[in-house]
Amino acid sequence: LIVIGAGKGSAAMVQAAERHYLANGPVPQLCGCAVTRTGFTSETKIIEMLEGGHPVPNAGSVAAASQALELAQGATEKDVVLVLMSGGASALWTAPVEGVTLEEKQQVTRGLLASGAPISEINCVRKHLSRIKGGRLTQAAAPARVITLAISDVPGDDPSAIGSGPTVGDPTSLADARAILEKRGVELPASVVAALQDERNETPMPDDASFAGNTFTLGCRPADALAAAAKVA
């Protein structure tokens with residue numbers, strides 16, 4: 001069992017996963033890593049906790065994404081990859097595509113944030129500049145089975161929008177990403193312009209064969225938090 005986590009709530013999620021599995025006896029084949037926002041880590045026994053930048057990614061975000069991809073790529077058909085995600089995963093897992101630097105991706109993120117673009121548009125661009133988002137984590141883990149447990153932080157609870165959908169197919173395209181950046185008037189480095197024209201950076205669609213047999217479950221939604229607050233009030 002390979003546990004991979006990302007998000008501002010991932011430390012608590014990892015703790016819960018460890019409690020569950022360790023309570024049922026030794027788990028010699030349990031391993032993994034998770035990344036959360038700097039200062040939000042919790043003590044874990046087996047799964048390594050990392051720190052990264054949010055809302056703008058940093059070097060820690062890049063290191064965390066590299067470690068997650070390495071774990072996924074090492075999975076076999078006998079393994080299960082358990083992905084634990086919550087809000088903030090997009091910034092905390094940063095794996096720029098070939099030719100794009102962290103600094104250049106930071107520039108694009110800041111430009112989109114300043115433009116007032118909604119999270120759906122920001123994530124569309126992020127997916128097409130990333131080696132882990134937009135279903136690419138699942139592709140890396142194939143042929144292992146991937147189980148995702150997520151806490152939604154987006155309107156509509158769209159799995160492809162939560163954490164920029166690293167384990168599910170992406171309904172958006174490179175053309176969509178280019179149109180968003182043009183509409184928002186974001187100034188782009190030449191490398192980003194080139195990357196968004198490169199078909200190798202197109203993300204897999206939802207009907208891609210790599211997603212067959214995998215599951216995605218929402219553990220909690222914004223609506224659940226609102227309902228709980230209303231009940232208390």
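In this predicted model, the side chains of Asp170 and Lys127 come together in a salt bridge, with an N to O distance of 3.1 Å; the term denotes a side-chain nitrogen of Lys or Arg within 4 Å of a carboxyl oxygen of Asp or Glu. Asp170 sits in the loop between strand 5 (145-151) and helix 7, whereas Lys127 belongs to helix 5, so the pair ties together parts that are 43 residues apart in sequence. Helices (H or I, at least four residues) and strands (E, at least two) are DSSP runs, numbered from the N terminus. Both Asp170 and Lys127 are buried, where buried stands for under 20% relative accessible area, exposed for over 50%, and partly exposed for values in between (1.4 Å probe, protein chains only).

Residues are numbered from 1 along each chain as its sequence is written, and side-chain values use heavy atoms, with hydrogens and water left out. Because the model is predicted, local features need pLDDT of at least 70 and side-chain atom pairs count only at pLDDT 80 or more, while totals for chains, interfaces and linings use all residues.

The structure holds five salt bridges. Among them is the contact between the side chains of Arg184 and Glu121, at 2.8 Å from N to O. Arg184 is part of helix 7 (residues 174-184) and Glu121 of helix 5 (residues 119-127), so this pair ties together parts that are 63 residues apart in sequence. Arg184 counts as partly exposed, at 27% relative accessibility, and Glu121 counts as buried, at 11%. Together with Lys183, these two residues are linked in a network of salt bridges. Another salt bridge joins the side chains of Asp224 and Arg221 (2.9 Å, N to O). Asp224 is partly exposed, with a relative accessible area of 31%, and Arg221 is also partly exposed, at 35%.

Attention now turns to strand 1. Five of the five residues of strand 1 (residues 2-6) are buried, so this strand is largely enclosed by the rest of the structure. Both of its faces are covered: Ile2, Ile4 and Ala6 lie on one side, Val3 and Gly5 on the other, and all are buried. Strand 1 pairs in the parallel sense with strand 2 (residues 31-37) over five bridges; two strands pair if DSSP finds at least two bridges between them. Within strand 2, Cys33 stands opposite Ile4. Strand 1 also runs parallel to strand 4 (residues 80-85), to which five bridges join it, and in strand 4 the bridge partner of Val3 is Leu82.
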